[in-house]
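Work through the exercises below with the sequence and the 3D structure at hand. Try each task before reading its solution.

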Amino acid sequence: MATLPHILNSLTPKTKEESKLSQDQETYKTYQNIITTLPRERGWDHGHLYCYKGFWYRDFHLKGVMAVRDHFVARPTDVLLATSPKSGTVWLKALVFAALSSLNASNPHECIPFLEIQLYTNDRIPDLDALPPPRLFATHIPYSSLPESVKSSNCRTVYLSRDIRDVFVSLFHFGPVWEHVSEYWKVSLERPDNVLFLKYEEMKRDPVLHLKRLAGFLGRPFSEEEEKEGVVEEILRICSFENLKNLEVNKVGVLETARGGIENRTFFRSGKVGDWAGCLTPENVRRLERVVEEKVSGSDGLSFFGGSGDQNGLSHSGVCSAS
């Protein structure tokens with residue numbers, strides 16, 4: 001399978017027609033004009049956030065979301081990895097690519113690019129038709145804002161959720177994260193053959209079980225021979241947080257996005273379950289849990305709290321797996 005540089009080279013040849021470039025630029029100008037009409041608030045770190053269909057985005061991110069919605073056409077053979085930011089995205093990318101392709105030392109973001117951050121960005125509407133199946137993509141887009149072709153086709157979507165307290169500590173700017181998770185949870189119950197809902201904490205507790213479950217869902221179950229030869233364990237070793245963090249490709253270089261380059265090393269912090277316990281005060285935790293409890297009432301058994309250090313009745317380990 002091709003990595004991102006090869007994909008982009010094939011999608012944007014040097015001889016690309018000027019008329020197409022101009023058309024793409026006009027499309028993005030239209031999106032920017034729409035964004036200026038949306039409600040906005042000052043972000044908690046810097047810049048403004050814009051509210052679009054109930055979710056808050058940076059303007060450069062939102063233009064990509066709109067472009068994906070309007071122009072991406074899903075195929076039945078596509079695989080889409082969906083997460084909210086800082087929910088184990090890099091680990092999930094590495095596991096899926098290794099299970100479907102081969103073990104390698106590439107950066108996971110190059111192996112499975114984000115639709116709205118890496119492909120549909122910088123005034124670009126890529127033509128993805130030339131990519132061979134299965135096409136692997138990632139996204140942070142809420143389910144309600146995905147293209148209709150994703151919702152109506154038989155493409156497979158894997159969603160990975162994480163204890164909201166760890167997400168909050170790692171990076172909490174995409175929000176409202178509870179609705180992001182709830183949307184994918186509900187559709188996983190309605191369409192279990194097309195949407196697999198995984199939980200970071202469960203995967204950390206029993207990675208062998210969930211990697212085999214993931215491979216089976218993607219239509220590439222491990223053979224009896226592969227299991228005897230230790231292929232599952234080797235994939236988990238290669239894709240472990242410690243190994244990924246120490247790979248040279250993840251220590252140097254940048255991920256090119258609409259906001260400029262993001263250093264690859266910033267995608268690896270600790271990867272621990274329950275890391276929030278050393279960062280949030282008891283009052284911080286109680287306030288966060290009260291908000292989440294109010295927002296997700298009636299979510300059919302979905303819990304946002306599954307890490308170590310749970311001290312309240314809201315935390316129910318294991319309830320987030322799709323049946």
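**Exercise 1: a loop residue**

In this predicted model, D193 lies in the loop between helix 9 (177–190) and strand 7 (195–199). Decide whether D193 counts as buried or exposed, and state how far D193 is from C155 in sequence and in space.

Solution. 
1. The relative accessibility of D193 is 64%.
2. A residue counts as exposed over 50%.
3. D193 therefore counts as exposed.
4. Between D193 and C155 there are 38 residues of separation in sequence, and the C-alpha to C-alpha separation in space is 9.5 Å.

**Exercise 2: two packed helices**

Describe how helix 2 (residues 18–35) and helix 3 (residues 59–71) pack.

Solution. 
1. Two packed helices are described by the angle between their axes and the distance between the axes.
2. For helix 2 and helix 3 the angle is about 120° and the axes are 10 Å apart.
3. Angles of 65 to 115 degrees count as roughly perpendicular and those over 145 as roughly antiparallel. Helix 2 and helix 3 are therefore oblique to each other.
4. The crossing of helix 2 and helix 3 is right-handed.
5. On the helix 2 side, the contact residues are T27, Y28, Y31, Q32, I34 and I35. They meet residues of helix 3, including L62, M66 and R69.
6. Sorted by class, this contact of helix 2 with helix 3 has seven nonpolar, three polar and four charged residues.

**Exercise 3: a covered strand**

Find which way the residues of strand 4 (residues 79–83) point, and which strands are joined to strand 4.

Solution. 
1. In a regular strand the side chains alternate between the two faces of the sheet.
2. V79, L81 and T83 point one way, L80 and A82 the other way, and all are buried.
3. Strand 4 runs parallel to strand 5 (residues 136–139), with four bridges; V79 stands opposite L136.
4. Strand 4 also runs parallel to strand 6 (residues 156–161), with five bridges; here V79 stands opposite R156.

Key
Residues numbered from 1 in each chain as written. Predicted model: local features only at pLDDT ≥ 70, side-chain atom pairs only at ≥ 80, totals over all residues. Heavy atoms only, no water. Axes fitted to C-alpha atoms, helices over the stretch in contact; angles between N-to-C directions. Parallel < 35°, antiparallel > 145°, perpendicular 65-115°, else oblique. Left-handed = near helix turned anticlockwise from the far one by under 90°. Contact = heavy atoms within 4.5 Å. Nonpolar A, V, L, I, M, F, W, Y, C, P; charged D, E, K, R; others polar. Buried < 20%, exposed > 50% of the residue type's maximum accessible area, 1.4 Å probe, protein only. Pairing = 2+ DSSP bridges.
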